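Subject: Structure for you to look at

Dear colleague,

Here is the structure I promised to pass on, with my notes below it. Please read them with the view open beside you.

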Amino acid sequence: MSAGEEKTARGETRSMWLLSSPALIILIFAAAGPLLIMLVYSFLAPGKYGNVVWEFSTDAWVSTVLTRDIFDGTLSLADAHLKIFWRSVKLSLITTFFTFLVGFPTAWFIATRQERSRAALLFLITIPFWTNLLIRTFAINQIIRTEGMLNTFLLWLGVIDEPLILLYTDFAVFIGMTYVYLPLMVLPLFAAIDRFDMRLIEAAYDLYASRWQVLRKVILPIVKPGIIAGSILVFIPSLGAYVTPRILGGGRNMMIGNFIEMQFGPGRNWPLGAALSVLLLVIVAAALIVYTRAATKEGPHG
Amino acid sequence: MARRDFSAARLPGFATIAITVFVALYAPILMLVAYSFNAGDSIAIWEGFSLKWYPVAWNNAEVREVTLRSLTIAATASVLSTTVATMAALGTTRRRQTRGQTFIYLLINQPLMVPEIVTAVALLIFFASIKVATGYQGLGYLIAAHTAFCIPFAYLPIRARLEGMDLTLEIAAGDLYASSWQTFRHVTLPLLAPGIGAGMMLAFVTSLDDVVITLFVKSAGQDTLPTYMLAQIRRSVSAEVNAISTLLLLLTVLLLTAFFLLTRKRD
């Protein structure tokens with residue numbers, strides 16, 4: 001590298017940091033930095049009326065999964081907490097799987113249309129993704145509530161004699177999350193299928209591959225990065241969902257997000273809330289690492 | 001014969017599922033919009049067409065107050081985040097890859113990766129101690145938080161635009177003895193404008209829609225439209241909320257259409 005080149009390189013680096021610094025300062029102040037403070041708070045003791053007392057304690061971390069008996073102080077598994085974790089993971093996995101199940105044919109359908117209608121269909125998928133999540137969840141709430149449209153319609157048809165209790169169940173949360181996160185599955189799947197050369201399928205058929213073989217040996221390997229991306233994009237927000245379980249699950253069918261919020265309200269246990277948040281962040285980070293590994297490992301031919 | 005007829009576009013059942021998905025995606029929203037025009041109070045029984053819920057919403061002082069607050073925060077946060085994101089995009093594109101650049105990308109995209117509830121908790125904790133220390137309770141916290149999570153939404157379209165831009169025009173300007181500021185002002189910035197506009201739209205929509213972070217950061221009496229609606233939905237449901245939702249949806253769709261027009265590739 002000549003002296004001149006080295007000078008421009010140094011100048012480039014300096015201007016890069018200089019120009020980025022306002023954005024970085026805001027992000028460190030109001031997004032990334034507070035995460036570290038939250039980690040510190042997870043090792044403190046809860047204050048009597050919320051907030052914390054500045055003394056070191058691992059109680060919050062212990063109580064994420066264990067509970068101490070108030071009489072003899074023995075530790076046992078905290079069933080209530082584990083139940084909420086399990087519900088969150090279970091609902092997120094089911095949601096991810098179901099969005100894939102209906103999202104794959106949808107993405108395939110869009111990718112195999114003519115150029116013009118393809119753009120229009122993609123736009124139709126994108127619009128709900130950008131519209132207010134609260135409103136979309138609220139729309140589902142109105143339809144499935146006891147005195148809502150679905151029940152009114154079914155009663156009118158005479159299919160049922162009494163309204164179905166759908167709202168404030170795990171099923172409602174599943175329906176709601178599938179509804180709001182579906183675009184996040186369809187878009188990356190579409191991107192992957194769109195790159196796929198459809199002539200490969202014809203070639204496989206010409207070589208006497210069965211339908212199943214074509215799916216397994218030709219389509220899946222090439223579409224795999226899209227499947228992974230879509231699954232991660234649906235799984236992560238599902239696991240941290242707050243609005244959907246609050247509006248459709250009610251007070252009893254909490255997910256981790258709602259349980260965390262509770263610690264800052266009536267629960268009055270900020271350290272536990274902080275510890276649970278750190279835990280959620282670790283799970284999400286692990287999922288992202290799995291994703292980047294899988295994404296970088298996949299070459300154009302699997 | 002069946003083999004010959006095979007077409008990738010016609011896998012059995014795929015079209016049916018896809019069409020069902022499109023219907024299912026829009027039906028609930030359209031129902032919600034339809035019932036904002038219901039003459040009755042019910043959100044299930046149709047009692048005839050009426051526009052009465054719109055004036056009801058408009059005459060509700062609380063609705064006006066929270067809407068104004070939402071728009072103030074969204075406008076401020078989108079202008080701020082777009083400004084700093086434009087600078088960051090200029091600083092990080094069209095140059096050699098370095099380690100520092102990866103770090104900057106990571107930090108800028110961080111709000112997209114961390115679950116909202118986690119950021120919300122972290123901000124609650126951090127801002128609570130600042131509130132105690134300074135006594136300041138104003139909108140500044142909400143604006144700071146919104147600006148931060150809007151940065152990636154503003155940054156990504158601007159960066160995409162910059163990367164697709166033709167460098168030769170700027171080199172030509174330099175050859176014609178334009179100073180680097182003149183080149184930026186009269187060549188780079190006009191070319192970049194659609195990207196900046198698109199980034200600002202996304203930032204605005206993102207800020208306007210936020211529920212979780214706002215809920216945790218806001219001080220008493222600082223409800224925004226979404227947090228107000230969340231509280232309303234919990235209490236009782238009347239078609240008034242449908243009317244507010246419809247207006248908010250309309251605004252979002254208008255902004256998104258502007259975004260797509262700005263980013264559309266020209267042939």
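The radius of gyration used here is taken over C-alpha atoms, and the rule for a globule is 2.2 Å times the number of residues to the power 0.38. By that rule a compact globule of 302 residues would come out near 19 Å, whereas chain A has 25 Å.

This is a predicted model, in which local features need a pLDDT of at least 70 and side-chain atom pairs count only at pLDDT 80 or more, while totals for chains, interfaces and linings use all residues. Residues are numbered from 1 along each chain as its sequence is written, and chains are lettered from A and ligands numbered from 1 in the order in which they are written.

On confidence, pLDDT being the predictor's confidence in each residue from 0 to 100, chain B averages 88, with 94% of its residues scoring at least 70. Residues 1-5 of chain B stay under 50, and the model gives them 1 contact beyond four places in sequence, two residues being in contact if their C-beta atoms, placed from the backbone, lie within 7 Å. For the complex, the predictor reports an ipTM of 0.87 and a pTM of 0.89.

Chain A has 12 helices and 4 strands, where helices (H or I, at least four residues) and strands (E, at least two) are DSSP runs numbered from the N terminus. Its C-alpha trace spans about 85 × 75 × 35 Å along the principal axes.

Turning to the contact between the chains, 73 residues of chain A and 73 residues of chain B take part. On the side of chain A, helix H1 (residues 3-41) supplies the largest share, 23 residues.

In chain B, the unreviewed UniProt entry places the feature "transmembrane region" at several spans, including residues 12-37 and 243-262; such annotations may be inferred rather than shown by experiment, and the positions follow the numbering used here, with feature names shortened. Residues 12-37 of chain B are 81% helix and 0% strand, with end C-alpha atoms 40 Å apart, while residues 243-262 are 100% helix and 0% strand, with end C-alpha atoms 29 Å apart.

Finally, helix H10 (residues 225-235) of chain B has buried residues that include Leu225(B), Pro226(B) and Tyr228(B), where buried means 20 or more other C-beta atoms within 10 Å of the residue's own, these atoms being placed from the backbone. Their cover includes helix H5 (133-144) of chain A as well as helix H3 (61-92) of chain B.

With best wishes

Note on methods:
A residue is buried if 20 or more other C-beta atoms lie within 10 Å of its own, exposed if 12 or fewer, and partly exposed in between; C-beta atoms are placed from the backbone.
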